[in-house]
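Hello,

Please have a look at it here before reading on.

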Amino acid sequence: MRAHATLRVAPTTALAQQVSELSASILKSSEAHVARALVNVGFFFLGAYFQRLFTGESFMSQVTPDQSPEAKPTEGNLTEAKQVETKAQRVERLKRSKNAWDHFDEIQQFARAGFDSIPPEWLGTYFRSWGVYTQGDGVGVIGGKNGEGKAMPFFMVRIRIPNGLMRSDQVRTIANLAEKYGRGVADITVRQNIQLHWVAIESLPEVLQSLWNVGLTTTGACGDVARNITGCPLAGLDGEEIIDASPLALQIDRELGGNSEFYNLPRKFKISITGCRHWCSYPEINDIGLTATTRRRAGKSEVGFTLRVGGGLSTNPHLAVALDAFIKPEQVIPVVRGVAEIFRASEVLRQSREKARLKFLFLEHGWTADTFLAELQQRIGCSLDPGEREDIPADIHRDHVGVHTQKQPSLVYVGASVLRGRITPQQLNLAADLADRYADGHVRNTVMQNLLIVNVRKESASLVADTLTAAGLPVQASAFARGTISCTGSEFCKLALTETKSFARWLTEELEDRVPALEEQLKLHITGCPNSCGQHWIADIGIEGKKIKQNGKMVDAYYFCVGGSVGQFAAIARPVGYRCTADTVPDAIGRLLEGFNTRREGSENLRQFFSRHSNEELRALLAGTFICAVDRDVSLGPVPHGVEG
């Protein structure tokens with residue numbers, strides 16, 4: 001086990017020192033991943049050297065499928081080979097047999113030999129821990145088998161951006177890679193990652209090396225590992241924050257991200273830590289959610305964190321459970337490690353890929369907040385102080401769009417709406433240029449798929465905002481543009497039933513025309529299949545992709561879930577029994593919002609209106625008349641491992 005330093009939270013200092021320290025912390029976090037990757041490559045070459053020295057074997061022998069863990073059975077594993085493995089057993093065997101992070105050399109060899117040289121275990125399992133997925137053929141799950149569509153000889157590459165913090169040179173590198181290798185496509189995700197598409201295996205090593213050169217990595221952005229650490233994009237800038245938690249987010253990233261101790265977890269492991277009062281990183285839906293709070297001791301105010309565990313969406317949504325514990329800043333890393341170790345040690349969660357997330361300890365195995373806390377305290381070797389009452393934020397979405405003051409005098413941040421998260425290399429380069437010219441070279445992204453330029457001089461704010469808006473990144477946007485989230489959809493995803501990115505743009509434009517005066521905050525989330533990558537379970541209006549037959553042809557359709565929320569009134573959206581074709585979704589939402597405008601009581605908001613009405617009443621508003629409920633039609637089969645969410 002590696003030693004970890006005790007965190008010391010420094011008092012607020014001058015902006016220049018803050019920026020310098022934060023930049024160093026970002027670089028240090030990224031360098032930890034890069035160093036691990038380079039060490040892994042170094043060990044390969046050293047081992048290959050001694051192998052060649054003592055056996056006379058070729059230094060760079062060609063990797064073939066027969067050399068993989070799925071090679072023809074030997075005498076030692078013949079019995080195992082005769083048995084029919086479950087999906088979970090197969091994945092667990094592959095993970096035990098090889099840590100893919102130690103084998104960058106194989107990726108290099110695949111690049112030289114071409115896509116057809118890649119064995120199935122790399123395409124289906126090992127690439128994922130590198131943040132790399134095979135790309136779908138553009139029609140989603142249709143035409144595939146076993147619940148997964150056909151793959152093309154291209155990859156999606158997910159870049160890990162801890163806390164959404166980037167420097168301008170990193171933004172330019174991502175833009176250049178998207179332009180050179182990704183056909184001009186980049187997506188900001190709901191976990192503050194950035195995804196590239198259309199990356200060929202021949203280009204993958206160069207893409208990874210280019211990212212490492214600027215302190216970025218893809219390691220652990222996918223797979224059964226600790227995923228990107230999310231946090232408030234205004235950390236250190238928000239005058240109302242309880243604590244700047246970004247140093248802790250980066251420390252967690254260094255501790256777990258790309259760490260071989262946590263390479264083989266039962267499933268994905270998502271962590272959020274925030275010091276803001278608005279919980280904008282959605283701690284309720286993470287495996288670990290840490291939210292800042294305060295307490296009084298000996299007449300002094302102390303800052304710490306409340307700990308929630310076991311949150312997650314997908315096909316079995318579950319809001320995280322709060323433990324009765326006050327986590328001091330210096331306890332955060334041991335506590336996070338302890339929770340990760342509990343997850344890693346759980347054999348019961350390794351029996352089914354569909355029930356392997358931490359939340360299933362609560363959903364199916366009888367764990368409670370008390371039993372989890374007891375196990376955690378035993379793991380870390382000390383008792384945690386009892387929890388403190390916290391001020392849970394109101395049910396609003398904080399998208400950070402617009403021009404807003406920072407706690408640093410004479411500085412503002414400019415937040416641009418990135419509709420559906422899709423952004424071009426030209427827009428990324430522009431953001432980097434503006435950050436260098438009118439600020440201090442820092443850019444941040446958000447879980448609502450938006451982009452911020454921070455530390456902008458107040459006198460330059462209007463120019464920066466106008467320039468972004470002219471480039472298609474509006475700083476003042478409609479409620480629909482600001483609140484619409486979409487998953488990748490069938491354009492690139494092998495699981496999706498519907499196309500979501502172009503649909504999201506069209507839907508937004510239609511709703512802006514139909515309901516131009518909407519002043520309510522609205523979270524409209526679009527997900528192309530039941531797996532909730534678009535987080536439709538926590539949206540005011542969440543629509544889930546389906547296929548239905550119309551005039552003898554299968555067409556895109558959506559099923560409506562209404563009333564999801566986080567914060568004070570955290571709730572999973574209610575499936576209301578209404579489904580319609582994609583081209584009639586604007587009509588349905590228009591009717592629902594018209595019903596809200598005419599039937600609302602006093603100043604009640606959408607959340608209150610939805611909670612006051614039954615499923616039958618909401619379904620009637622969507623349909624324009626009372627109709628019978630239709631089934632939600634959940635996933636036809638098990639979710640292919642590692643692709644969803």
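Predicted model: local features only at pLDDT ≥ 70, side-chain atom pairs only at ≥ 80, totals over all residues.

Two strands count as paired if DSSP finds at least two bridges between them.

**Strand 8 and its partners**

Ten bridges join strand 8 to strand 9 (residues 300-309), and the two run antiparallel. Within this pairing, I288 stands opposite V309 of strand 9. The two strands form a hairpin with two residues between them. If you look at the turn, you will find A298 there, with a positive phi of about 55 degrees.

Strand 8 also pairs with strand 7 (residues 269-274), this time through four bridges and in a parallel arrangement. Here I273 has L290 of strand 8 as its bridge partner. As a reminder for viewing these strands, side chains in a regular strand alternate between the two faces of the sheet.

**Two buried loop residues**

Next, have a look at K494, which is placed in the loop between strand 16 (484-486) and helix 15 (501-514). Is K494 buried or exposed? Its relative accessible area is 4%, and buried means under 20%, so K494 counts as buried. The side chain of K494 makes a polar contact with the side chain of T134, at 2.8 Å. Not counting residues up to four places away in sequence, K494 touches T134, Q135, G136, G140, V141, E148, G149, K150 and A151.

L234 also sits in a loop, between strand 6 (226-230) and helix 8 (246-256). L234 is buried, with a relative accessible area of 2%. Which residues does L234 contact, leaving aside its neighbours within four places in sequence? They are E241, R398, H400, Y413, R444 and L452. One of these, Y413, is 179 residues away from L234 along the chain, yet their C-alpha atoms are separated by 8.7 Å.

**Aromatic rings**

There are 20 aromatic pairs in the structure. In one of them, the rings of F110 and W122 have centres 5.5 Å apart and planes at 75 degrees, so this pair is edge-to-face. F110 belongs to helix 4 (residues 104-113) and W122 to helix 5 (residues 120-129), so the pair ties together parts twelve residues apart in sequence. Both F110 and W122 are buried.

F560 and Y578 form another aromatic pair, a tilted one, with 5.5 Å from centre to centre and 55 degrees between the planes. Since F560 lies in strand 19 (residues 553-562) and Y578 in strand 20 (residues 574-581), this pair ties together parts that are 18 residues apart in sequence. F560 and Y578 are buried as well.

Ring pairs also build a cluster, which links F110, F115, W122, Y126, F127 and F155.

**A charge over two rings**

Finally, please find R183. Its charged end sits over the ring of F154, 5.1 Å from the ring centre. The charged end of R183 also sits over the ring of W198, 3.7 Å from the centre of that ring.

Technical notes: Residues numbered from 1 in each chain as written. Heavy atoms only, no water. Buried < 20%, exposed > 50% of the residue type's maximum accessible area, 1.4 Å probe, protein only. Polar contact = N/O pair within 3.5 Å; in protein donor to acceptor, adjacent residues only side chain to side chain. Contact = heavy atoms within 4.5 Å. Phe/Tyr/Trp six-rings, centres within 6.5 Å; stacked < 30°, edge-to-face > 60°. Lys NZ or Arg CZ within 6 Å of the ring centre and 35° of its normal.
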